[in-house]
Amino acid sequence: MQEVYEALKQGTEIRKNLIILKQMLKEEGALDKYLSMTEDDELVASFLKDEDAKTRKNAALVLGLVQSQESIDKLWEAYVSETQLFVRSAYLSAMQKLDYRAYEKQLKSRYQTLSASVPAPEEQKHIQEEIKELRRMAIQFEGGITKHKFIGYTKPQDFILTTLKNYQDTTSVQLETGAARIIPMGVQVARGNLQEALQIRTYRELLFTLRCDKNLPPKPAVIAGELARSNLIRVLTELHEGDAPFYFRLEIKSAMPLDKKSSFAKKLAAEIEQRTHRFLVNSTENYEVELRFLENRNGGFYPCMKLYTLPAKRFSYRKYTTSASMHPSLAALLVELASNWLTSFAHVVDACCGTGTLLMERMFALPVRTAYAVDIFGDAIQGARENAGIAHMNINFVQRSFLLFTHACKFQEIWADMPVRGKKTKEEQEAFYHGFFEKARELLEEGGRLFLYCNEHGLVKKHLRLKPYLHLKQEFCIREKDGAYFYIIEKKEAADAYPAVDGKAAQEILDGAGFQP
């Protein structure tokens, strides 16, 4: 760093050394070292008047990293006199790391002027960068983004409830209001009741549909124009309390390469801001609206909208999760599929509870007498205990392998989201399933049911053939792509049934499968 600084003092390769210094200052402890070398930043600030535009840009960024408040006036003077559009945003970026309140009036005025302008196509990219930085500064002046309150519960709305493929009907039959039809991504509802929809647990997302072309060409200007002419602005205004702007993000569901998608999204966001006259403002953080574009087979885009202003209360109990946690809408779907086989006020145990999602969705559906949640992993049990507290559910938690779990009473229902094979061999996995089914036989009462979700279809079918006390009542292919099935299995003893697995045998199965209690 000393060598770089000395080179700058000598005027040697200024742009190159500013870039090197800029990178160095991003490293831990580098700023303290730099400050110990120099008492002020007059040297770097002097480069704001350099003839080379890129040198001016890098000098500004260095001043921002150094956080030299003494440079604020020089940065402002450089900004207002800058003729190269691509440099202007660098001055604003640097000023944001300093106290820039003295320029509040000028910055707000500049923001309003640029926001109302229509830049030439060749200037649009750099103008948008400048507007983005000005917007961040304006937001800070206002004390942050003002959140809008959702108030549109009573008016009929057009929306989509996204579901798993082939299980749209499970959600659609729960709707009593509006005209519903099945589409590939879920259930499309015309003039539906939001309050009614928000009580349904078996869909994943609620997306608002827009009254515009449903097959938009992959052209940012065309898409933005179509959105501006649609009911988008009216819907946002009617559904919320508070004035514009609404901050949004884009979600592009497309097979296009990442770099191309990123470029497409930036152009589209800029066009939307311009065509809606900043009613919609793009932001990567604190956004309230997600505009989603789903690419179809023809290369066109289907537009829809997700509102983060709409309170998400369905699964508010789910504060703690792990990477293996089941999505609550899937858990709710499994419980709904099993609804004809559930027992009211049953003794229920979840054999591999994780953070408790499946068991709690079961308890939302129908009252239970007692509930046990078993898992070998302590972090999962702790998370499940916290989630149950949020849901105000009385559950007994046991940190233990299900193969070693015992109880004096029999259970009417056993639920399990089975662990994936991972690094276990086929033989180890088979041993675990054998022990699992034997333990289920031991714990289930006669006529009791096992509700099993897993991706070992062949293994389950094999044990159904080999174990005469297992009777498959119903099965569902949940996701064909990854072989995920849901089974409803009933225990019915037979004369030639296998003896139950005792504790010693269970531990041998665990050891063979690589489990450490």
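**View 1. Strand S2 and its two partners in the predicted model.** In this predicted model, S2 and S5 run antiparallel and are joined by 3 bridges. Look for Leu161, which stands opposite Leu206 in S5. S2 also pairs with strand S4 (residues 186-192), again in the antiparallel sense, here over 5 bridges. On this side, Thr162 has Gly186 of S4 as its bridge partner.

**View 2. The side chains of strand S2.** Which residues point one way from S2, and which the other way? Gln157, Phe159 and Leu161 take one direction, Asp158, Ile160 and Thr162 take the other, and all are buried. With 6 of the 6 residues of S2 buried, the strand is largely enclosed by the rest of the structure.

**View 3. The open sheet of 8 strands.** Stepping back from S2, we find an open sheet with mixed pairing, whose 8 strands follow the order S3-S4-S2-S5-S10-S9-S7-S8. The edges are taken by strand S3 (179-183) and strand S8 (280-282); each has a single partner strand, so one side of each is left without a neighbour in the sheet. From one strand to the next, the twist averages 35 degrees. Further along the order, strand S5 (residues 206-209) and strand S10 (residues 301-307) run antiparallel and are joined by 2 bridges. Thr209 has Cys304 in S10 as its bridge partner.

**View 4. Helices H8 and H9 packed together.** At what angle do helix H8 (residues 104-116) and helix H9 (residues 124-141) pack? The angle is about 135 degrees, and the axes lie 9 Å apart. That makes H8 oblique to H9, and the crossing in which H8 passes H9 is left-handed. H8 brings Glu104, Leu107, Lys108, Arg110, Tyr111, Leu114 and Ser115 to the contact. From H9 come Ile127, Glu130, Ile131, Leu134, Arg135, Met137, Ala138 and Phe141. Sorted by class, the contact of H8 with H9 has 9 nonpolar, 1 polar and 5 charged residues.

View 5. Ser89 sits in helix H7 (residues 85-95). Is Ser89 buried or exposed? Its relative accessibility is 14%, so Ser89 counts as buried, the cut-off being under 20%. Leaving aside neighbours within four places in sequence, Ser89 is in contact with Glu129, Glu130 and Glu133. One of these, Glu130, also takes part in the contact of H9 with H8.

**View 6. The open sheet of 7 strands.** Here is another open sheet with mixed pairing, its 7 strands arranged in the order S13-S12-S11-S14-S15-S17-S16. Strand S13 (396-399) and strand S16 (470-479) are the edge strands, each pairing on one side only. The twist from one strand to the next averages 15 degrees. Strand S11 (residues 346-350) and strand S14 (residues 411-417) pair in the parallel sense, over 3 bridges. To locate this pair, find Asp350, which stands opposite Trp415 in S14.

**View 7. Helices H18 and H19 packed together.** Helix H18 (residues 426-443) packs with helix H19 (residues 457-466) at an angle of about 45 degrees, the axes being 11 Å apart. That makes H18 oblique to H19, and H18 passes H19 in a right-handed crossing. On the H18 side, the contact is made by Gln429, Glu430, Tyr433, His434 and Phe437. Leu459, Val460, Lys462 and His463 are the H19 residues that meet them. The contact of H18 with H19 divides into 4 nonpolar, 3 polar and 2 charged residues.

Key: Residues numbered from 1 in each chain as written. Predicted model: local features only at pLDDT ≥ 70, side-chain atom pairs only at ≥ 80, totals over all residues. Heavy atoms only, no water. Pairing = 2+ DSSP bridges. Helix = DSSP H or I, 4+ residues; strand = E, 2+ residues; numbered from the N terminus. Axes fitted to C-alpha atoms, helices over the stretch in contact; angles between N-to-C directions. Buried < 20%, exposed > 50% of the residue type's maximum accessible area, 1.4 Å probe, protein only. Parallel < 35°, antiparallel > 145°, perpendicular 65-115°, else oblique. Left-handed = near helix turned anticlockwise from the far one by under 90°. Contact = heavy atoms within 4.5 Å. Nonpolar A, V, L, I, M, F, W, Y, C, P; charged D, E, K, R; others polar.
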